Amino acid sequence: MEQQTQFTEGKILGPLLKFAVPVLFAMFLQAMYGAVDLLVVGQFGAAADVSAVATGSQMMHSITSVIIGLAMGTTILMGQKIGQKKSDEAGDVIGGAVVIFAILAVFLTVVLMAAAAFLAGLMQAPEEAFDKTVIYIRFCSAGSLFIVAYNVLGSVFRGMGDSKTPLLTVAVACIVNIAGDLIFVGGLHMAAAGAALATVLAQAVSVILSLMLIRRRGLPFRFTIKNIRWNKAIILRTLRLGFPIALQEGLVGISFLAIMAIVNTLGVIPSAGVGVAEKLCGFIMLVPSSFMQSLSAFVAQNIGAGKRTRAVHAMCYGMLASLAIDVVIAYFAFFHGDILSAVFARDAQVILASADYLKAYAMDTLLVSFLFCFMGFFNGCGKTTFVMAEGIIGAFGVRIPVSYIMSRTADASLFKVGLAIPLSTIVQIILCVGFFIYLNRKNKEKSEDIEE
């Protein structure tokens, strides 16, 4: 295994981009899982099949976001240990993560399998697509072990400053997923069930490949079976860092599920349209999301090393780099949403509905360049409770109520419903700026006390 990357010395922008690019491509390929499912189902199935995969995959995406948020605790803690030159303690961090997520995987499998019909009903899945939505959720639930394991392994690699290995494993998995979709959906006509089966199979391959690479290369620090134990201090610290992010991701996911449920009441065409748009948004948000994850690891190492100014500079570089790319993405999403939507659907009405919703998301694309980098910075600082708080305020104070109000207007449209998303981001950015100023003042006061 190549040695862990140190972010505490030398230039900032170059190493940050070098780390962020593989993260970006890995997230792109991971997003391809659901996107390819929808693309293939859109070409071989009916609107009800598209709606089922859209609703079911949105549900699974929200659950995966919670897992990623919880796993971020492992990334941050490992980054801090490396920044503090305590790599020998990293083995205990991994061991604690294995314990936490093994329990979580079993819990998710049992609960999701049992509650699939309830969740589909909660999502207001259209009657024509209800049974297919239940099947999709149950198939994906059966693979919860692989969903959890993949994200834990990714968090470990990123904590070490290695973003290339997750890219390799997800690239192979993406190929498997595409092949599985073509066989199960295109060849065997299994529709939603085939799409779910292909996704689970792909994630299983990514986990097996990751473990094979670790076994072959080894780790840059000591790790044995003895590290896998209930280490109360490590586990509590990991949960203290990861739980607020997981809760925030979960509640934000619920807010988007609520929007999906609101849209589902408008009919199968709006449901399929938003489903297609959400898949596109998964790609649209990749750049700021990759910088958020990269900054969490970059900042964690520098905070651990006591280099806060360097961490702030990294955040600013991340904002500028993300914005430069997102300007182009926002242009295509706003003015050419119909062309993008046509990639995932062939129904003209579904394409128009998706394009209408994308216009609102295009506005948000520019805003999240700032919001996500703020979040990555605060996560790396260990201020995950604030990240949770601002996410909850944005989701439940703005996103859900505004989308509901817009859906009940006389001339309701998906564009108006979608406006709740950028409005929420604006509120969250204001909160982040205020908290950043507060931390700066607090840090300055602490420095003055030390000097005295």
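What share of the contacts in the protein with a separation of 6 or more comes from residues 24 or more positions apart? The answer is 85%, with contact meaning heavy atoms within 4.5 Å.

A note before the views: this is a predicted model, where local features need pLDDT of at least 70 and side-chain atom pairs count only at pLDDT 80 or more, while totals for chains, interfaces and linings use all residues. Residues are numbered from 1 along each chain as its sequence is written, and side-chain values use heavy atoms, with hydrogens and water left out.

**View 1. The whole fold, 16 helices and 0 strands.** Both kinds of element are DSSP runs numbered from the N terminus: helices are H or I with at least four residues, strands are E with at least two.

View 2. Buried residues are 58% of the 452; buried means under 20% relative accessible area, exposed over 50%, and partly exposed in between (1.4 Å probe, protein chains only). As for charges, Lys and Arg count as positive and Asp and Glu as negative, leaving out His and the chain ends. Each charge is placed at NZ of Lys, CZ of Arg, CG of Asp or CD of Glu. The mean positions of the 32 positive and 26 negative charges lie 10 Å apart.

**View 3. Cysteines in a structure with 0 disulfides.** A disulfide here is a pair of cysteine sulfur atoms within 2.5 Å. For Cys140, the nearest cysteine sulfur is that of Cys174, 15 Å away. Cys140 is buried, given its relative accessible area of 4%. Cys432 is in no disulfide either, and its nearest cysteine sulfur, on Cys373, sits 11 Å off. Cys432 is buried too, at 0% relative accessibility.

**View 4. Phe396 in helix H14 (residues 384-407).** This Phe396 side of things is partly exposed, at 37% relative accessibility. Leaving aside residues up to four places away in sequence, Phe396 touches Leu251, Ile254 and Pro401. Gln349 is 47 residues from Phe396 in sequence and 30 Å from Phe396 in space, C-alpha to C-alpha.
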